[in-house]
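Please read the following report alongside the sequence and the model.

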Amino acid sequence: QEATALEAFGVTLEAHGPDELRAMGAGAMLAVAQGSINEPRLAVLRWNGADDKNEAPLVFVGKGMTFDTGGISIKPAGGMEDMKWDMAGAGVVAGLMHALAARKAQVNAVGVCALAENMPSSNAQRPGDVVKTMAGWTVEVIDTDAEGRMVLADALWFAARKFKPRLMVDLATLTYAIMAGLGLIYTGMYATDDALADELVAASAASGEKLWRMPLDEDYEANLGSEIADLRQIAPD
């Protein structure tokens with residue numbers, strides 16, 4: 001509903017609900033959302049400002065957990081009221097699309113907001129469940145509070161395949177482990193494109209929003225092996 005206000009600036013909006021998500025095969029996102037009475041939405045915001053409307057766009061994907069209780073793996077009560085901010089990634093994406101459209105930026109850009117609520121209920125996903133992502137991978141759910149990577153797995157696959165972007169940036173509140181390692185000074189960044197990573201680090205230095213690049217190596221995949229699925233959702237302790 002908030003994103004509809006961007007249509008006044010020339011942004012087009014699509015909001016894919018449960019039926020469309022099922023048709024797309026977005027099993028990971030649907031599994032996270034199934035415990036809530038509030039339906040999930042995969043919101044797609046498009047701004048075509050480049051001279052060539054067919055030019056490959058920049059794509060921004062945001063994690064939008066509108067409230068995150070942790071699900072069956074419920075969070076401690078203390079501080080849970082702050083989990084209304086777990087939609088910050090999607091909020092940033094919507095704000096970015098507003099900024100681009102309002103100043104008529106000469107670029108094609110797409111914002112994808114993966115919106116869901118993670119709640120414990122009789123219908124919620126359980127640790128031990130196996131779900132299938134939009135990419136066709138099966139994932140063993142270990143901790144229902146590791147929900148962000150699940151909704152983003154589907155959202156990122158959707159964005160990459162549908163829009164074939166020049167680049168894709170994912171914004172998310174994913175783990176307190178980053179805060180444990182970097183404190184409140186730096187934001188952790190993972191990247192598969194060295195040139196883009198260098199540009200983002202340079203921009204972060206200029207803006208004062210500091211980024212620190214974290215390691216991303218194929219050797220880490222060995223910790224994600226599962227006996228009953230293609231992948232574990234999280235590595236063992």
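## Charged pairs

Arg22 is exposed, with a relative accessible area of 52%, where exposed means over 50% relative accessible area, buried means under 20%, and partly exposed lies in between (1.4 Å probe, protein chains only). Asp19 also counts as exposed, at 60% relative accessibility. This is a predicted model, in which local features need pLDDT of at least 70 and side-chain atom pairs count only at pLDDT 80 or more, while totals for chains, interfaces and linings use all residues. Residues are numbered from 1 along each chain as its sequence is written, and side-chain values use heavy atoms, with hydrogens and water left out.

Arg22 forms a salt bridge with Asp19, their closest N and O atoms being 2.8 Å apart; the term stands for a side-chain nitrogen of Lys or Arg within 4 Å of a carboxyl oxygen of Asp or Glu. By this rule the count comes to nine salt bridges. Arg22 and Asp19 both belong to helix H1 (residues 18–24), where they are three residues apart, about one turn of the helix. Helices (H or I, at least four residues) and strands (E, at least two) are DSSP runs, numbered from the N terminus.

## Further salt bridges

A salt bridge also joins the side chains of Glu55 and Arg166 (3.7 Å, N to O). Because Glu55 lies in the loop between E2 and E3, and Arg166 in the loop between H4 and E7, this pair ties together parts that are 111 residues apart in sequence. Glu55 counts as partly exposed, at 34% relative accessibility.

In the salt bridge between Arg126 and Asp129 (3.5 Å, N to O), Arg126 is partly exposed at 46% relative accessibility, whereas Asp129 is buried, with a relative accessible area of 18%.

## Helix H3

Helix H3 (residues 88–102) has 15 residues, which at 1.5 Å a residue should span 21 Å, and its end C-alpha atoms are 21 Å apart, in agreement; the expected span is 1.5 Å times one less than the number of residues. Its residues Gly89, Ala90, Val93, Met97, Leu100 and Ala101 are buried. Seen down the axis of H3, the buried residues fall within an arc of 105°, so they line one face of the helix; the arc is taken over the directions from the helix axis to the C-beta atoms.

These buried residues of H3 pack against E2, E3, E4 and strand E7 (167–171), with contact meaning heavy atoms within 4.5 Å. Just after H3, Lys104 takes a positive phi of about 55°.

## Nonpolar cores

In the largest nonpolar core, which has 28 residues, Leu42 and Val112 touch the most other members. Such a core is a set of buried Ala, Val, Leu, Ile, Met, Phe, Trp, Tyr and Cys residues joined through side-chain atoms within 4.5 Å. At least two residues of this core come from each of helix H2 (27–33), strand E2 (41–48), strand E3 (58–68), strand E4 (108–118) and helix H4 (148–163), and H4 gives the most, with seven residues.

Not counting residues up to four places away in sequence, the contacts of Val112 include Leu42, Phe60, Val93, Phe158 and Phe163. Apart from this core lies another, of 19 residues, among them Ala43, Ala90, Ala101 and Val169.

## A three-stranded sheet

An open sheet of three strands runs in the order E5-E6-E10, with mixed pairing, two strands being paired if DSSP finds at least two bridges between them. Strand E5 (130–132) and strand E10 (231–232) are the edge strands, each pairing on one side only. Strand E6 (residues 138–140) pairs with E10 in the parallel sense over two bridges, and Glu140 stands opposite Arg232 in E10.
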